[in-house]
Amino acid sequence: MMAKEYDLIVVGAGPGGYTACLKARKLGMSVVCVEKEERPGGVCLNMGCIPSKALLDSSEHFYNAKNKFAEHGVICPDVKLDLKTMMARKEKVVSDLTGQLSRLLTGNKVEMVQGRAKLTGPNQVEVRSDSDETKTLEAKNILLAAGSEPIEIPGLPFDGKHIVSSTEALSFTEVPEELLVIGGGAIGLELGSVWSRLGAEVTVVEMLPKIASVMDSLIIRGLERVLKKQGLAFRLNSKVTEAKVEKGKVTLRLESRGEGSALECDKVLVAVGRKPLTAGLGLEDLGIETHARTGHIRTDSRYRTNIPSVYAIGDLIPGPALAHKASAEAAAAVENMAGKPGEVNYDALPSVIYTWPEAAAVGITEAQAKERDIPYHSGTFPFTGSGRARCMGETEGLVKILSHAKTDRVLGVHIFGPHAADLIAECTIAMEFGASAEDIARTVHAHPTFSEAVMEAAAGVRKS
Ligand code: NAI
């Protein structure tokens with residue numbers, strides 16, 4: 001008997017994969033989704049964005065109760081941490097969301113198959129279950145959305161206990177006394193913040209001269225200063241060259257501008273980036289081209305690999321490993337399969353680091369404008385000037401807007417401050433619609449809100 005032929009096989013049920021499934025069903029395609037884990041949602045829902053934000057929110061409550069409530073006249077003399085409850089809550093947030101997603105997928109008639117997928121032909125995927133049973137699926141198109149995994153540093157292999165990735169750092173059963181974080185990017189700063197707020201002494205080792213190096217330099221300065229004030233220590237221009245675990249302690253050798261030093265800690269979180277999860281997908285057998293240095297899959301602007309029926313998106317292809325990038329690419333790839341013009345505007349792709357305050361950005365930085373010889377004006381507005389921020393007692397940070405010197409079109413917005421993650425949305429829409437800074441400045445913003453700082457920064461652009 002001929003196997004059923006689907007319109008689409010999606011490999012992976014993370015933000016990229018599940019968005020592709022739902023989009024394809026909306027466009028009337030028959031869809032089967034192969035996922036190796038029991039729960040859908042990928043890294044984002046199970047061991048990334050969602051559990052980390054649950055812990056960031058909980059740990060912030062703890063930190064604020066200890067350090068900030070008193071200034072509001074709320075006295076909590078005996079604030080205690082119940083880490084078990086905090087972790088159980090995080091797990092419930094994850095299981096509620098993954099359960100909801102399962103129901104959404106099956107409710108939309110997406111067929112789910114559990115197991116590891118391997119391409120066995122341009123239109124064929126073999127699925128191997130944990131009990132080693134195999135099943136062959138066939139489809140007109142295949143979308144690879146298998147995601148990524150943490151990068152290991154040579155000489156510091158993950159042991160799941162002392163030298164760990166973000167996965168384990170989301171589930172420590174006790175607060176480490178000393179936590180060393182390698183990598184001052186999004187994961188290092190977010191999880192470093194969580195454990196620092198809960199009482200760990202956190203040191204971040206970063207090989208570059210600055211943390212969060214993709215952000216605008218003004219934002220980085222504020223971020224580093226505030227995180228230091230919160231208790232995080234930074235060792236910049238530094239690399240860990242060796243680690244030894246003895247009697248429950250990790251001894252590390254650090255190299256900084258040619259000079260060596262030693263450090264001791266309980267746990268090391270390695271957060272130096274993620275790599276595409278391509279192993280076992282059968283790319284080599286099918287001759288699917290990848291980028292030699294990074295291992296990312298090569299695609300054209302329609303997300304098609306060199307095998308026209310096989311598409312790839314998200315962390316498998318170049319660009320930042322962001323859930324919203326993956327889902328935008330997934331929707332565009334499926335539209336392309338359906339003969340529609342699917343595309344992603346990478347010039348208006350927001351990014352956020354969920355420290356407190358948050359750091360958020362969209363578009364180019366001032367350094368990039370200079371590098372590319374783009375004439376620009378900039379406007380800034382500090383949150384000390386925001387009535388709403390004063391009421392909340394959160395006046396750290398600022399909004400910075402860059403616009404083209406001739407057209408005033410917004411080129412980039414950089415926010416460090418309360419609710420930056422949400423404030424960046426209006427700036428992203430402005431960029432998507434090709435708005436000028438004046439358009440933002442002339443738009444009436446509710447008072448008193450944090451968003452007025454965006455309006456004021458935009459108004460400042462015209463004065464510069
Ligand atoms: P990252 O690429 O954001 O940052 C890694 C940092 O480690 C860089 O600053 C790099 O210079 C440094 N580094 C690399 N090798 C090093 C070494 N040997 N010693 C010391 N420092 C070293 O990677 P991260 O934080 O692991 O995140 C992975 C991906 O996940 C990124 O694409 C990130 O954007 C994404 N992500 C996004 C989040 C968000 O949107 N809030 C949250 C967490 C992750």
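Good morning, colleagues. Please keep in mind that the structure before you is a predicted model.

I begin with the ligand. How many residues surround the ligand? There are 21, and the closest are Ile187, Glu190, Glu206, Gly273 and Val352. Sorted by class, this shell comprises 13 nonpolar residues, 5 polar residues and 3 charged residues. Which element supplies the largest share of the shell? That is helix H6, spanning residues 186–197, which contributes 3 residues.

I turn now to contacts made by the protein backbone. For Val352, a backbone N or O atom is placed 2.7 Å from a nitrogen atom of the ligand. For Ala321, a polar backbone atom is found 3.0 Å from an oxygen atom of the ligand. For Ala186, the distance between a backbone N or O atom and an oxygen atom of the ligand is 3.3 Å. As for the surface of the ligand, 840 Å² is exposed when the ligand is taken alone, and the protein buries 79% of that area.

Finally, I come to the cysteines. How many disulfides does a search of the whole structure find? The search returns 0. Is Cys265 buried or exposed? Cys265 counts as buried, because its relative accessibility is 2%, and the cut-off for buried is under 20%. Cys391, in contrast, has a relative accessibility of 58% and therefore counts as exposed, a label that requires over 50%.

Thank you for your attention.

Terms used
Residues are numbered from 1 along each chain as its sequence is written. This is a predicted model: local features need pLDDT of at least 70, side-chain atom pairs count only at pLDDT 80 or more; totals for chains, interfaces and linings use all residues. Side-chain values use heavy atoms; hydrogens and water are left out. A residue is near a molecule or strand if one of its heavy atoms lies within 4 Å of it. A polar contact is a pair of N or O atoms within 3.5 Å; within protein, one must be able to donate a hydrogen and the other to accept it, and residues adjacent in sequence count only if both atoms are side-chain atoms. Accessible areas come from the Shrake-Rupley method with a 1.4 Å probe; for residues, only the protein chains shown count as cover. Helices (H or I, at least four residues) and strands (E, at least two) are DSSP runs, numbered from the N terminus. Ala, Val, Leu, Ile, Met, Phe, Trp, Tyr, Cys and Pro count as nonpolar, Asp, Glu, Lys and Arg as charged, and the others, Gly among them, as polar. A disulfide is a pair of cysteine sulfur atoms within 2.5 Å. Buried means under 20% relative accessible area, exposed over 50%, partly exposed in between (1.4 Å probe, protein chains only).
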